[in-house]
Amino acid sequence: MTIAPDRPATFGSGGAEPYARALRHEGLLQLVRATGGAGRPASPPAAGDADEAFDVARWSADADAADLTTLDDETGPVLDIGCGPARMVRAAVERGLTVLGLDVSPTAVAMAREAGLPVAGGSVFDPLPREGQWNLALLLDGNVGIGGDPTALLTRCAEILTTTGSIVVETAPEATLDDSYEAHVVDDQGHASATFPWAEVGREALHRHAKRSGLRVAQTWSVDGRTFCRLRAR
């Protein structure tokens, strides 16, 4: 099994815990580079600044039309990695699928469980139930950036799938983007998280990471300005 080195800080954790605060109060979050590069500005995110701020309310809302395409023709079981408040878990349950959400945020896990949804706390690099039996792994909302090493993440995802399973990755808007960096998130009150590794990958760059992980991009589609790629074993 692939093990993430050093188990670094994760998205939005530590510091002033802005991610947990935003989840509970549906605020805005901004991803800010902690080292070099152009990055995103470090000022608190402004409402309507859609290119720089995450509207956390969307993560707590019902899955939208674009989200639902990732479950089309799926038979399960489904693992939603970095599920947050678990809108995709809810969507899968409503389709009668066996599904589990996975998130490192205790607040996200608590919110999902309060809603009666099947979610576990932990990292995809931890031992998981149904190892080798998942038919679909979801990496939406930029979660291919988890850990800052997309190749390592995809390699691990491949380990937990059935031989005919697939990974659906939502890619960055810029097709050629392939960037790993240290970051933190800031909420609309200026509260910052600890620094964590992150990555952004566009649809063209994803082919390189897939190949290194023993995978191939079998399908690409776009809905409402969002792009998704389905990866399968080579």
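Visitor: In β9, which residue is the bridge partner of glutamate 182?

Guide: In this predicted model, strands β8 and β9 run antiparallel and are joined by 6 bridges. Strand β8 also pairs in the antiparallel sense with β1, over 5 bridges, and there glutamine 30 has valine 186 of β8 as its bridge partner. On the β9 side, the bridge partner of glutamate 182 is proline 197.

Visitor: Around how wide an arc of the axis do the buried residues of helix α7 lie?

Guide: Helix α7 spans residues 203–212, and its buried residues are Ala205, Leu206, His209 and Ala210. What covers these buried residues includes α6, β7, β8, β9, β10 and β11.

Visitor: Which element supplies the largest share of the largest nonpolar core?

Guide: The largest nonpolar core has 26 residues, and those with the most contacts inside it include Leu79, Leu154 and Leu231. At least two residues of this core come from each of β3, β4, β6, α6, β7, α7, β10 and β11. The largest share, 4 residues, is that of α6.

Visitor: How many residues does the second, separate core have?

Guide: Valine 124, one of the residues with the most contacts inside the largest core, touches Ile81, Leu102, Leu153, Arg156 and Ile160, when residues up to four places away in sequence are not counted. The second core, which is separate, includes Met88, Val99, Val119 and Val168, and its number of residues is 23.

Methods:
Residues numbered from 1 in each chain as written. Predicted model: local features only at pLDDT ≥ 70, side-chain atom pairs only at ≥ 80, totals over all residues. Heavy atoms only, no water. Buried < 20%, exposed > 50% of the residue type's maximum accessible area, 1.4 Å probe, protein only. Contact = heavy atoms within 4.5 Å. Pairing = 2+ DSSP bridges. Core = buried A, V, L, I, M, F, W, Y, C linked by side-chain atoms within 4.5 Å.
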